[in-house]
Amino acid sequence: MRLGLVIDLDVCVGCHACAVSCKQWNASGTTGALSDYQPYGAEPSGVWFNRIRHYEVGSYPNSKTVNFPMSCMHCEDADCVTVCPTGASYKRAEDGIVLIDQDKCMGCNYCSWACPYGARELDRSTGTMKKCTLCVDRIYDQNIPVEDRQPACVLTCPAHARMFGDFDDPNSEVSKVVREREGYMLLPELGYNPTNHYLPPRKHKPIPVEMGGEKPGLTGRLRQFVNRMVKR
Amino acid sequence: MHPAFSVIFFTVLSGAGFGLFALLYLADLFKLGGGMPGAHVFWTGVLAIVMVGVGLLSSTFHLANPRNAWRAFSRWRTSWLSREGVLSVAFYPFALVYLALYWLDLWPVVRHLSGALATLIAWMTIFSTAMIYASLKTIRQWNTPLVPAAYLSLGHFSGGMILLVVAMMARVDVMPYVLMSLFQLFVAAFVKAIYFYWITRVGAGSTINTATGFTRARVRLLDAGHTHGTFLTQEFGYRVQNRLALTLKALSMLLAFCLPLLLLGLALKQPSMALGLAALLSVFAGMIVERWLFFAEARHVVNLFHGAQRC
């Protein structure tokens, strides 16, 4: 098995609900509390497994806002695991989930240097590195209904922009949608072979936009003159 | 990258310590300058070991959870950081046996064998330290063979400067030591000059386009999604101003190489303690600046997601 996420950039509305739901679930999950620093103070900050950035792609008027959620990609060639000196970081053979053993981590930050996706964040209160667990404490839970055995971010997404599944199975929902919609990996040139894939926004005809700047005709000038004269 | 002082201090000090030990052993083996008195060799060896130890200790200061530091010896098969830890500890028994037998004046074969092994391990440790940085695909300014070349040459150059001062104190023929330092100065200066030249034109690499996958349009960050900085911005967001970097580059070249070249040139004619000490201080000041720049100029690819167009 090779479990991971597909994120549909066409429908993501950038509401940050996945990040909030992730934080809510994982704050009491296997990797313990996710510390917040000054949550109500002047400089709020803290540990998050999921972060959403917003980009403008293209130049106005042919531009589009793309909301871009990012969490751990659970890479096939995960350098964060290779470089870990203590053996705290590991990749599970059975499902490919990359995890950190909080009891072994010494907080050297080296894995976060090796990660190109910014998936790992140090928790200052415990002094250990933390990251997305793909809700490993949820997806195998026999006590919850089958349809709920998915990562919190996937369940909560109001736009259904996130899918969870097995990439080793060519007939799984995620494999099919990646095939059909030309799903791609981020930073493929670095060779980490990330499991998570992104679906590009669907192509639309550009919407014509009034750019202004054209000289008004005779009627236009007359209308402008009348508008100036008549007080409203 | 955020230039953490503990790591700068550690890499400079332990690099010089290992370089000093290696050169001390070789100088003693070949009786450079007629061979230094035993007491000088012994105490210089102790100094090298102390430098390595202090460096190692200071490197644990940047750990957020040092209780688990002992576990860092376990993954030497994959991790260069672990290899560095294992090798630097493995250095100790051989170095200590070498020095103890020197003190006791016993078993020359065992002494030389352990000295040679300690020297070999010292070289491997400097290499491992450099490979911690050079093995990262995420930072192009580090992902180059120039990094281990620079660490090895700078470690030996700075360690050799200490040995030169010791040789001046020991009143042996210092000419070979001055020449050795001059040779190492040129090697280190060339490696560093090539590195400084190379990182200004590292060529095509990851861009904001390959990071987001939109390779056929201009991509611009609208919102990083956090209100007041994150671990990622603190650790990787540091960016040194171009003008400051240029000034510091010039300063490091001046302090680490130009000024010592002048002082060593004078020492060729008229060797004196003051010249050696001045050159030594200048080299270490230059090394600190050089190591600060090494970290400050490194650009991690995660910055692409925070709006950098290229890294």
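What follows is a conversation about the two chains, their folds and the place where they touch.

Visitor: What kind of model is this?
Guide: This is a predicted model, in which local features need pLDDT of at least 70.

Visitor: What makes chain A more spread out than a compact globule?
Guide: The radius of gyration of chain A is 23 Å, whereas the globule rule gives 17 Å for 232 residues; the value is well over the rule, and therefore chain A is described as more spread out than a compact globule. Along its principal axes the C-alpha trace spans about 80 × 50 × 40 Å, and the chain holds seven helices and eleven strands. Of its 232 residues, 43% count as buried.

Visitor: Why is chain B called as compact as a globular protein of its length?
Guide: For 311 residues the globule rule gives 19 Å, and the radius of gyration of chain B, at 21 Å, is close to that, so chain B counts as compact in this sense. Its secondary structure comes to eleven helices and one strand, its C-alpha atoms fill a box of roughly 70 × 45 × 30 Å along the principal axes, and buried residues make up 50% of the chain. Among contacts in chain B between residues at least 6 apart in sequence, 77% join residues at least 24 apart; in chain A, the corresponding share is 58%.

Visitor: How do you know which residues of chain B belong to the side that touches chain A?
Guide: The test is contact, meaning that C-beta atoms placed from the backbone lie within 7 Å, and by this test 44 residues of chain B are in contact with 47 residues of chain A. On the chain B side, α3 (80–104), α7 (208–212), β1 (219–223), α8 (231–236) and α11 (302–305) each supply at least two residues, and β1(B) gives the most, with five. By class, this side has 19 nonpolar, 18 polar and seven charged residues.

Visitor: Which strand within chain A pairs with β4(A), and over how many bridges?
Guide: β4(A) pairs with β5(A) in the antiparallel sense over seven bridges, and A:H54 has A:N67 as its bridge partner in β5(A). These two strands form a hairpin with six residues between them, and A:G58 in the turn has a positive phi of about 85°.

Visitor: Why is β5(A) described as largely enclosed?
Guide: A residue is buried if 20 or more other C-beta atoms lie within 10 Å of its own. Five of the seven residues of β5(A) are buried, so the strand is largely enclosed by the rest of the structure.

Visitor: How do you know that the buried residues of α1(A) line one face of the helix?
Guide: In α1(A), residues 17–26, the buried residues include A:C18, A:A19, A:C22 and A:N26. Seen down the helix axis, the buried residues fall within an arc of 100°, so they line one face. What covers them includes β4, β5, α5 (152–156) and β10 (162–166) of chain A.

Visitor: What makes β1(A) mostly covered?
Guide: Six of its six residues, 3–8, are buried. A:L3, A:L5 and A:I7 point one way from the strand, A:G4, A:V6 and A:D8 point the other way, and all are buried.

Visitor: Why are β10(A) and β11(A) said to stand at the edges of their sheet?
Guide: The three strands form an open sheet in the order β10-β1-β11, with mixed pairing. β10(A) and β11(A) each have a single partner strand, so one side of each is left without a neighbour in the sheet. Neighbouring strands here are turned by 25° against each other on average, direction ignored.

Technical notes
Residues numbered from 1 in each chain as written. Chains lettered and ligands numbered in written order. Predicted model: local features only at pLDDT ≥ 70, side-chain atom pairs only at ≥ 80, totals over all residues. Contact = placed C-beta atoms within 7 Å. Helix = DSSP H or I, 4+ residues; strand = E, 2+ residues; numbered from the N terminus. Nonpolar A, V, L, I, M, F, W, Y, C, P; charged D, E, K, R; others polar. Rg over C-alpha atoms; globule rule 2.2 N^0.38 Å. Buried ≥ 20, exposed ≤ 12 C-beta atoms within 10 Å, placed from the backbone. Arc of directions from axis to C-beta. Pairing = 2+ DSSP bridges. Axes fitted to C-alpha atoms, helices over the stretch in contact; angles between N-to-C directions.
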